[in-house]
Structure formats: C-alpha cells, structure tokens
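I opened this model to look up a few points of its packing, and I note them here in the order in which I checked them.

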Amino acid sequence: MFTLPFPLRDANASSGSENLGDLPEWDLSDLYTAPDAPELEADLAFLEQECSAFAADYEGKLNTLSAEDMLTCIHRNEKISQVSGRIMSYAGLRYYQMTIDAERAQFMANCQEQLTHFSTPLVFFTLELNRLEDDHLDGLMAQNADLARYKPVLDRIRALKSHQLSDEMEKFLHDMGVVGDAWERLFDETIAGLEFNMEGETLNIEATLNFLTDPERSKREAAAREVARVLGANIKTFARVHNTQAKEKEVMDRWRSMPTAQTGRHLSNHVEPEVVEALRNAVVAAYPKLSHRYYELKRKWLGLDTMQVWDRNAPLPMDDPRIVDWDEARKTVSDAYAAFDPRMAELAEPFFTDGWIDAGVKPGKAPGAFAHPTVTNVHPYVMLNYLGKPRDVMTLAHELGHGVHQVLAADQGEMLSSTPLTLAETASVFGEMLTFRKMLDAAETQEQRKVLLAGKVEDMINTVVRQIAFYDFECKLHAARRDSELTPEDINALWMSVQAESLGPAFEFMEGYETFWAYIPHFVHSPFYVYAYAFGDGLVNALYAVYAEGDEGFEEKYFDMLKAGGSKHHKELLAPFGLDASDPKFWDKGLSMISDMIDELEAMED
C-alpha cells in the first residue's frame with residue numbers, strides 16, 4: 001500500500017504569526033500544478049499499467065533472473081515507487097496545508113485507494129525476494145556491481161523474512177491498510193478541528209499551546225487548563241483511536257511473530273534492540289543530573305515554591321521577549337550553516353527562494369513542523385508554524401537540516417536515499433547545534449549567554465528526556481493493550497506514571513494534565529518513532545564534540561555521511577569519526593554535553 005510517509009516532525013515546534021515579515025508559502029507545482037493536472041492523470045495511468053506489467057514479467061520468476069535482469073527488475077520497482085511517491089507527496093502536502101478541507105482529504109484518500117489497488121499485484125516482490133537463498137542472492141551481487149549497490153536495502157527487506165506471512169495473507173493485509181489509515185485521518189481531523197477559547201478568542205491547538213511559553217503565568221495556566229478541558233471533552237475519541245491502533249498492531253505483531261511491540265520499529269530503523277535499550281537506560285539513569293537538576297534551577301529563577309506543568313516551557317525572567325522576524329531568522333540560520341561550510345548554506349538557499357517552505361500559521365493547517373523528502377527527482381518541502389520566538393529559529397535550523405540531508409541523499413535513488421529514523425535526525429540536530437553555537441559565540445553579556453544556554457538545555461531535555469519518557473509511555477500502553485481494552489482513565493494513569501519520574505520533584509501536576517498524551521501525533525502515526533529524537537540528539541552531541549576537537553577533514557566526512565542516505569549501517573557511518581553507537585559509553589558522552597551546560601548554569605548562580 002502506498003501512503004504519504006508520516007513526515008519528520010519537530011517535537012518542540014510552536015506556532016503563531018504577527019509582524020513577522022513576508023512568510024513563504026509552498027509552491028507545489030514542482031510536483032503537480034493541480035489535482036486534475038494531465039501529468040498526474042498520466043502518472044496514474046502509468047502506475048495502473050506498469051504494476052500489472054511488472055507482476056506479469058516477474059511474479060514466480062525472481063529465482064530465475066540473471067544479475068542483469070534482477071537489476072532491471074529493481075530499477076522498474078524503484079520507478080514505480082518514485083511515481084507513486086510523487087502522487088502521494090502532492091496529495092499529502094496539499095492536505096497538510098488545510099486538513100479540515102473536505103476536498104483535499106477526499107483527494108488524498110482517493111489517491112491512496114487507487115495506488116493501493118494498483119499496487120496489490122506487487123506484493124509478491126518482497127515475498128519472493130525473501131524466499132531467495134542467501135548464497136544465490138550473494139552470487140548475483142558478486143556478478144554485478146550496480147546490483148550490489150542495493151545490498152543494504154535488500155538486507156533490510158530480508159531482515160523481515162522470518163516475520164513474513166503467506167502470499168494471500170500479505171495481499172489481504174495490503175488491501176486492508178487503507179482502513180487502518182482512516183483512524184490516523186480521524187485523529188488528524190479531530191485535532192485540527194478542536195477549538196479553544198483564550199481571552200475571548202477561538203484558537204486552534206497550536207496557537208493555544210503557544211500560550212504555554214507566555215511570560216505571564218496566568219496566561220500559561222489558562223492555556224493549560226483550556227487544553228485540559230478540550231482534550232477531556234474529546235478523550236473518548238482519542239482513547240478509541242489509540243485502542244484501535246494498538247490492537248491492530250498487536251494482531252499484526254502476533255501474526256508476524258514479532259517478540260515485542262517495538263521490534264518492527266527497530267527493524268525498520270535498522271538498529272539493534274540492545275542499542276535502543278542502552279540509550280533508554282542511559283537517559284533514565286541521567287534524569288536526576290539532567291531534567292531534575294535543571295528544573296530545580298528554573299524553579300528558583302521563576303521564584304516559585306513548586307512548578308506547575310504550565311511553567312515547564314515558561315520563558316526565563318531574563319529572557320528577551322522580542323520577536324525574531326522571518327528575514328532575521330533566515331539570516332541567522334544561513335550564516336550559521338555557511339560558517340560550518342559554504343555548501344551547507346548554498347543547499348539551504350532554494351528552500352527560502354523557490355517555494356520549498358510553508359512558514360505561516362493558517363486555520364486548518366497541520367500543527368508542528370516537518371521536512372518531507374517527496375521523491376528523489378523533485379526536492380524536499382519544509383513546513384513550519386513560525387511564531388518568531390528563538391525556539392522557532394531553532395526549528396527552522398532543524399527542519400532545514402533535514403532538507404539539506406534529503407537533497408544530498410537523493411543521488412542514492414528511491415530505495416537507498418531514505419535514512420532510518422535514528423539517522424534521519426542527525427543533520428537536523430546538527431543544524432540546530434551549529435545555529436545555537438553561532439548565537440552563543442555572539443552573546444555580548446553573561447546574561448545573554450545564560451538565556452541561550454538555558455534555552456538549549458530546555459530543548460535538549462525536550463528532545464532527549466521527554467522523548468524517552470514518551471517511549472516508556474508507549475511501551476507501557478502497548479503492553480497493557482495486549483491484555484485488555486483500555487479506558488481513558490487507564491491511559492491517563494500510564495501517562496502520569498512516566499511524568500513525575502522524568503520531570504522530577506520540582507513539579508506538581510494539575511488536574512487534567514493526565515490527558516495531555518492525547519494530542520501527540522507520533523503515538524498514532526508512527527508508534528515508537530520518538531526514541532529517534534533522543535538517538536539523534538545523543539549521536540549529534542558526540543559528533544559535535546569530535547568537530548569541536550578539530551577533527552581533520554570533518555566537513556568532508558560529514559557531507560559523505562549525509563550523501564550516503566540509507567546505504568550504510570550506523571556503525572559504518574560513524575566509524576570515520578571514531579564513534580560507535582553500540583558502545584554503552586557512547587550515550588554517556590552525548591548526555592555529558594547537556595550535563596556540562598547545566599554545570600555552567602549552576603556556576604553562574606554562585
């Protein structure tokens with residue numbers, strides 16, 4: 001089944017819009033000029049014909065192909081993926097621009113259903129590929145270097161071989177996929193349609209959540225209570241979505257003999273379960289020296305006896321409340337990229353000039369921020385909800401990092417360009433770090449440095465501590481759903497069980513906070529996605545330490561890593577930098593960077 005891959009969302013993005021300058025909008029014409037464009041109709045016709053022809057030419061015959069014929073087969077499969085990916089990227093991006101528009105939702109659903117129908121004959125391809133003997137496939141690749149290029153992606157496909165079902169069952173599940181996706185759409189449309197009353201104004205969820213960073217504590221409290229009220233009124237719908245999605249996953253995992261709910265994600269991320277477990281354990285063990293210690297500092301800065309959840313992302317008393325307009329944000333990020341390597345800024349420039357970014361806040365627009373790679377013969381698109389806060393500048397740096405990564409990896413082709421989620425966050429977090437360090441170096445006073453350091457620590461805690469707490473919540477949710485249907489109260493209790501542990505004793509939790517799991521899109525769209533943020537942050541902290549130490553040729557090695565896309569395992573990618581993510585001490589190295597920043601903040605208090 002072909003779907004728009006759930007985009008790489010920034011977990012900490014905020015939204016809002018005023019006096020920000022000329023915010024760019026997407027020009028989707030590089031994909032198609034309109035839903036009824038003749039090029040789109042031609043591509044649909046191509047897919048209908050080519051999917052049937054591909055099956056006729058190859059079904060039942062993969063084990064008879066020569067090396068050259070196997071390469072042709074893979075190229076044809078790749079072309080089908082490229083054309084279908086172009087169609088779904090266009091349909092999906094139009095939908096994200098206005099999720100409450102019935103026509104856009106219908107167009108996306110119709111495209112998805114057509115492509116699912118066309119592609120049903122292709123289900124045989126991975127099934128037969130996985131039935132080939134290792135020696136046979138190795139022999140073919142030894143004969144043809146161009147075919148051998150595809151070994152990494154063939155290995156990833158074949159990693160699922162022991163979890164494969166019968167051909168007939170796989171075709172049935174393929175066709176049923178569009179039904180399961182309807183629950184994701186219900187979630188998206190429910191979230192986009194929620195209305196919140198703030199100061200007599202009706203707002204969407206993004207604009208309301210933005211009040212949680214307001215300097216006035218009374219506004220933050222009002223926003224938190226309003227979010228709790230609206231989520232509480234809709235909690236049965238969200239509980240139904242999560243119950244259904246988790247049960248569907250449990251059934252699928254059981255049939256596929258997946259040992260845990262997380263196994264499928266680890267396989268798709270091409271990362272060993274023990275590496276993820278080492279990351280999770282390192283972060284949880286570090287809660288006291290990271291989040292607990294930082295929030296105790298923040299409690300003192302805010303002059304509070306106890307912090308409430310609406311104080312977590314409160315601006316610091318010494319914060320500069322000014323708005324950063326779009327032109328300044330663009331210059332800040334572009335200059336930081338150029339200071340690392342002029343090629344970085346050159347690669348980012350078309351995003352600003354050619355309609356590759358949609359930055360403004362609009363009614364019905366999807367929340368958050370993401371970079372979507374589309375297909376390798378077009379270019380990525382970045383979505384923001386730009387408010388003009390320093391954190392939004394970091395979000396721009398983050399998403400442009402994704403975009404640059406996707407542009408560089410495109411030469412690998414459709415099958416090899418896509419990176420596992422764990423590595424997909426590398427360039428985005430590195431782009432953030434470059435921007436942060438540039439701003440930190442430019443700080444003119446100790447107070448400015450303190451504000452920047454505190455802001456970065458908060459973002460890293462949100463990216464590492466909070467996302468691992470999210471991961472633990474998901475692990476508990478899916479484990480509990482295997483035993484029983486879950487009431488909203490059951491899910492609320494699971495959510496609260498990870499909050500105090502991760503945030504620490506500085507906090508109290510208001511009544512209603514127990515429902516805040518309900519608006520996190522990753523739990524619905526991409527179960528267990530969230531640990532990729534912590535993985536990426538830890539990896540980049542270790543990577544940046546190598547760069548800061550003056551590693552010779554770092555820039556060239558960095559570009560080579562991004563150009564590799566999904567063609568190499570994380571061990572291969574990190575080896576040139578002397579790093580190894582399978583070493584448990586690796587994660588401590590990354591976490592120590594956050595701890596060192598908190599040390600510096602504490603020293604400023606003396």
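I keep in mind throughout that this is a predicted model.

I began with Asp188, which I found in helix α8, the helix spanning residues 167-193.

Entry on a helix pair. I then turned to helix α17 (residues 390-409) and helix α20 (residues 426-441), which pack with their axes 7 Å apart at an angle of about 135 degrees. I therefore recorded α17 and α20 as oblique to each other, and their crossing as right-handed. On the α17 side I listed Met394, Ala397, His398, Gly401, His402 and His405 as making the contact, and on the α20 side Ala427, Ser428, Val429, Gly431, Glu432, Thr435, Phe436 and Met439. Sorted by class, this contact of α17 with α20 comprises six nonpolar, seven polar and one charged residues.

Entry on the cores. Which residues of the largest nonpolar core touch the most other members? In this core of 142 residues I found them to be Tyr294, Ile357, Trp517 and Tyr558. I followed up Ile357 and, leaving aside neighbours within four places in sequence, found it in contact with Pro24, Glu25, Trp26, Trp326, Phe351, Phe352, Val382, Leu384, Leu396 and Leu400. Apart from this core I noted another, of 54 residues, including Leu31, Cys73, Tyr90 and Cys111.

Conventions:
Residues numbered from 1 in each chain as written. Predicted model: local features only at pLDDT ≥ 70, side-chain atom pairs only at ≥ 80, totals over all residues. Heavy atoms only, no water. Axes fitted to C-alpha atoms, helices over the stretch in contact; angles between N-to-C directions. Helix = DSSP H or I, 4+ residues; strand = E, 2+ residues; numbered from the N terminus. Parallel < 35°, antiparallel > 145°, perpendicular 65-115°, else oblique. Left-handed = near helix turned anticlockwise from the far one by under 90°. Contact = heavy atoms within 4.5 Å. Nonpolar A, V, L, I, M, F, W, Y, C, P; charged D, E, K, R; others polar. Core = buried A, V, L, I, M, F, W, Y, C linked by side-chain atoms within 4.5 Å. Buried < 20%, exposed > 50% of the residue type's maximum accessible area, 1.4 Å probe, protein only.
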